[in-house]
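Keep the structure open beside you as you read.

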Amino acid sequence: MMRKTFNTTAVCIPGEHYMVDISGRLQKIKEMIAAKKYFTINRARQYGKTTTLQALFGYLQSEYYTVLLDFQTFDASKFKDGNIFSIAFAGSFLHALKRNRLSENTALEKACADLKNAAVISNSIFSLKELFECLRDICAASDKPIVLMIDEVDSASNNQVFLDFLAQLRAQYIERAWQPAFQSVILAGVYDIKNLKQKLRADEEHKYNSPWNIA
Ligand SMILES: Nc1ncnc2c1ncn2[C@@H]1O[C@H](COP(=O)(O)OP(=O)(O)OP(=O)(O)O)[C@@H](O)[C@H]1O
Ligand SMILES: [Mg+2]
């Protein structure tokens, strides 16, 4: 067995590094997920956000499918418009979903294939609306509730397309009583996205209207 070491660079891996026990924190977050909350985790750099999200992936595995994305892996060009963003998001989402131990589920496989096809084939018209319709179908077909976690959300926060993305999540949250939706959405970053408005130019302010004002 590998000997554990102390780690102060990037994420802590439980099998490899000495760690502060975060099981209490994981349990609290799991309770919020069970309560179907959509929420943000805002902490300064190097507070353990990524370590927490990665640990949650394993912690939730028996009850949920967890899709963990990192917006830092989306280069700036991916936020150029809704079409480009949605295609990139679809690809990353499907890739991250496959990291779960998925049960035999032809309905889910079909919904995933539909998303892939929609993003690739009807390429030029595929945008946020089409993306979220496909994501809803995936949530409906899934045999376990799906938790969406996005790390480094604020690397995207200066982009209109990110605000449009938040608006879609917000609409999904509001309609989730009669539409399939993610069980829970966790956005992790350094800044509180409720304060996004402050960073925007005054003449554009009317566009934004706190898209995430529910969490
Ligand atoms: N449970 C833990 N026990 C001990 N050290 C930890 C623990 N969680 C994180 N760390 C340490 O803190 C550092 C930062 O962790 P992590 O990368 O998860 O934070 P972060 O909030 O995602 O940082 P950033 O904002 O820079 O992405 C890591 O180098 C790791 O050494
Ligand atoms: Mg991090």
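S184 sits in strand β4; helices here are DSSP runs of H or I with at least four residues, strands are E runs of at least two, and both are numbered from the N terminus. With a relative accessibility of 0%, S184 counts as buried, a word that stands for under 20% relative accessible area, with exposed being over 50% and partly exposed in between (1.4 Å probe, protein chains only). Beyond residues up to four places away in sequence, S184 touches I33, K37, Y38, F39, I146, V147 and L148, where contact means heavy atoms within 4.5 Å. A35 is 149 residues from S184 in sequence, yet their C-alpha atoms are 8.3 Å apart in space.

A word on what you're looking at: this is a predicted model, in which local features need pLDDT of at least 70 and side-chain atom pairs count only at pLDDT 80 or more, while totals for chains, interfaces and linings use all residues. Residues are numbered from 1 along each chain as its sequence is written, chains are lettered from A and ligands numbered from 1 in the order in which they are written, and side-chain values use heavy atoms, with hydrogens and water left out.

Now step back to the whole chain. The protein has six helices and four strands, and reading along the sequence gives you α-β-α-β-α-α-α-β-α-β. Of its 215 residues, 43% count as buried. Take the contacts between residues at least 6 apart in sequence, and 76% of them join residues at least 24 apart.

T66 is another residue to look up, this one in strand β2. T66 is also buried, with a relative accessible area of 0%. Setting aside neighbours within four places in sequence, its contacts are F57, L60, A96, N100, V147 and M149. Over in helix α3 you'll find N83, which touches N123, S124, I125, F126 and S127 once residues up to four places away are left out.

Helix α5 covers residues 128–141, and at 1.5 Å a residue its 14 residues should span 20 Å, which agrees with the 20 Å between its end C-alpha atoms; the expected span is 1.5 Å times one less than the number of residues. Its buried residues are L128, L131, F132, C134, L135, R136, I138, C139 and A141. They pack against α3 (82–97), α4 (106–120), β3 (146–151) and α6 (160–174). An α-helix has 3.6 residues a turn, so residues three or four places apart point the same way.

Helix α6 passes the same kind of check: its 15 residues should span 21 Å, and its end C-alpha atoms are 21 Å apart. Buried in α6 are V161, F162, L163, F165, L166, L169, Q172 and Y173, and the buried residues of α6 pack against β1, α3, α5, β3 and β4.

What about the cores? A nonpolar core is a set of buried Ala, Val, Leu, Ile, Met, Phe, Trp, Tyr and Cys residues joined through side-chain atoms within 4.5 Å. The largest one has 45 residues, and F71 and F89 have the most contacts inside it. Two or more of its residues come from each of β2 (65–70), α3, α4, α5, β3, α6 and β4 (184–189). Another core lies apart from it, with 15 residues, among them I33, L53, V147 and I186.

Finally, the pockets. On a 1 Å grid over the protein atoms alone, a cavity is a set of points where a 1.4 Å probe fits but cannot get out, while a pocket is an open set with protein on both sides within 12 Å along at least five of seven lines, and lining residues have an atom within 4 Å of a point. The largest pocket has a volume of about 660 Å³; a volume is the space filled by probe spheres set on the points, which are joined across faces, edges and corners. Of the 27 residues lining this pocket, A10, V11, G48, K49 and T51 are the closest to its centre. Helix α2 gives the most to the lining, with five residues.

The second largest pocket has a volume of about 240 Å³. Its lining is made of R25, I29, M32, F39, I41, N42, R43, Y47, G48, K49 and T52, with α1 (23–34), β1 (38–42) and α2 each supplying at least two residues.
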